[in-house]
Amino acid sequence: MKTENINHAFLDPVLTGDHVDTYYHFGAASNDPILRGLRDVKAVIMAGSGHRIHEFAQTWSRMNGDAEIIAFPKEERFVTRYCHGVLYASHGMGMPSASIAVQELMRMVYFLKGGDLDALEEIFWARVGTSGGVGLEGGSIVATTEGVMADLQPYRVLNGGMGEYWFDSTFPQAVIDEVVAVNAEAGLAVVPGKTVAGNEFFLEQFRLDGAICMENPDSKMAWLEWIYDNGVRNIEMEGAMLAGYLNHWGFGKFAMICTTLLNRLHGDQVTASPEQLHEYSEQSGQAMFNYLAATLG
Ligand code: R2B
Ligand code: URA
């Protein structure tokens, strides 16, 4: 872990009980008895929707002898479940929402592990999500190698009028290889590739079907071909930030596994039927569970 990048000034007095840390959006705090049951956390799995988190926890419970599920009472912003070493949390849509979830979860696991950097290093993080494929048909599964923004540069945040903070948005190659290998063994194809994280579903993903449209068919295809030629295989809205923040603390084990809902080279609208969408999202969940079962036991 990169201890120099951890906010010790704020987080260490929480460990000694000098002050309480309130994970406001999760409706929990460091002195909350509910956290006592989470100290064995080995993995943090995130997804955009709360419903998915609820389903993931139920599946993981079934896979582990009906292990107990702990549900956080607040579900207004994010839905959170803990079951058999895995903390499942939703993050909403887009990097502003997901960055809140990731920062509060990083603070929470730091507290849960008592600031033990070796124990923190062992934690596996993942986002399981949906995306638009670039040259991949609906129902494909992508393991992200690098998260980039719409300009193919890594994740940045504005630093007021002073410029930008830049983050390393790469995903650890060893984990990608293992996700691909474990799933190949289970008969599930996972394609490695770069992923664009758009700050917008329409404008920053070069869609022509928004209420506001700034592009035309030629400029849209030119962007899609440019990102494809640079190794991008899908587009979603959180991955670059996720990798950027986890790398900042020096976590070494994390992944993003996304299913594609459509091939953006062929259109903009998501027209798959509810049954198809359910099947697509089941597949990325299955790819994540195959990896979890192989690595966590
Ligand atoms: C994928 O799907 C959502 C938008 O529909 C967004 O959260 C994402 O990354
Ligand atoms: N999620 C996105 O962000 N983009 C898509 O095209 C599909 C799902």
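Me: How many bridges join S7 to S13, and do they run parallel or antiparallel?

Reply: Strands are DSSP runs of E with at least two residues, numbered from the N terminus, and two of them pair if DSSP finds at least two bridges between them. In this predicted model, S7 and S13 run parallel and are joined by eight bridges. Ala126 has Ala255 in S13 as its bridge partner. Strand S8 (residues 141–148) runs antiparallel to S13, with three bridges, and Ile141 stands opposite Thr259 in S13.

Me: Is S13 enclosed or open, and how many of its residues are buried?

Reply: Buried means under 20% relative accessible area, exposed over 50% and partly exposed in between, with a 1.4 Å probe and protein chains only. In S13, 10 of the 10 residues are buried, so the strand is largely enclosed by the rest of the structure.

Me: Why is the pair of Trp125 and Phe251 edge-to-face?

Reply: A pair of aromatic rings is described by the distance of the centres and the angle of the planes. Rings of Phe, Tyr and Trp (its six-membered ring) pair if their centres lie within 6.5 Å; planes under 30 degrees apart count as stacked, over 60 as edge-to-face and the rest as tilted. The whole structure holds 14 aromatic pairs. For Trp125 and Phe251 the centres are 5.1 Å apart and the planes stand at 65 degrees, so this pair is edge-to-face. Trp125 is buried at 0% relative accessibility, and Phe251 is buried at 3%.

Me: On what basis are residues numbered and values computed?

Reply: Residues are numbered from 1 along each chain as its sequence is written, and side-chain values use heavy atoms, without hydrogens and water. Local features need pLDDT of at least 70, and side-chain atom pairs count only at pLDDT 80 or more.

How values were computed. Chains are lettered from A and ligands numbered from 1 in the order in which they are written. Helices (H or I, at least four residues) and strands (E, at least two) are DSSP runs, numbered from the N terminus.
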